[in-house]
Amino acid sequence: MSTLQEIEAAALRLPEKDRLHLADRILGSLPAPQTPAKPEEILAEAIRRDADLESGKIRPLTEEAFWAGVRRRSA
């Protein structure tokens, strides 16, 4: 098994809160997209996300989770 597979397996065994923290740290370490999105792409993404929320495919963040994410990004 490769090191990456071992890390992935270990990460997937973590409690949900720890996996969320790890995912946030990894995503935060990546560079921003080089090409800014076009307005029509932004609108299409917003419509898709709204549909996912309405259908129940995803759950919205609680206010507490939202502000915790803002604080983490600001630190």
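Predicted model: local features only at pLDDT ≥ 70, side-chain atom pairs only at ≥ 80, totals over all residues.
Residues are numbered from 1 along each chain as its sequence is written, and side-chain values use heavy atoms, with hydrogens and water left out.

**Exercise 1.** Work out what span the residues of α3 should have, and compare it with the distance between the end C-alpha atoms.

*Solution.* Begin with the element: helix α3 covers residues 39-55, helices being DSSP runs of H or I with at least four residues, numbered from the N terminus. The expected span is 1.5 Å times one less than the number of residues, and therefore the 17 residues of α3 should span 24 Å, which agrees with end C-alpha atoms 24 Å apart. After the helix comes Gly-56, whose phi is positive, near 85°.

**Exercise 2.** Find which residues the salt bridges around Arg-48 join into one network.

*Solution.* A salt bridge requires a side-chain nitrogen of Lys or Arg within 4 Å of a carboxyl oxygen of Asp or Glu, and the structure holds 5 of them. Arg-48 meets Glu-45 at 2.5 Å, N to O, and these two, 3 residues apart in helix α3, are separated by about one helical turn. Arg-48 also meets Asp-52 at 2.8 Å, N to O, the two being 4 residues apart in helix α3 and again separated by about one helical turn. Through shared partners, salt bridges join Glu-45, Arg-48, Arg-49 and Asp-52 into one network. An α-helix has 3.6 residues a turn, so residues three or four places apart point the same way.

**Exercise 3.** Decide whether Asp-52 and Arg-48 are buried or partly exposed.

*Solution.* The classes are buried under 20% relative accessible area, exposed over 50% and partly exposed in between, with a 1.4 Å probe and protein chains only. Asp-52, at 10%, is therefore buried, while Arg-48, at 40%, is partly exposed.
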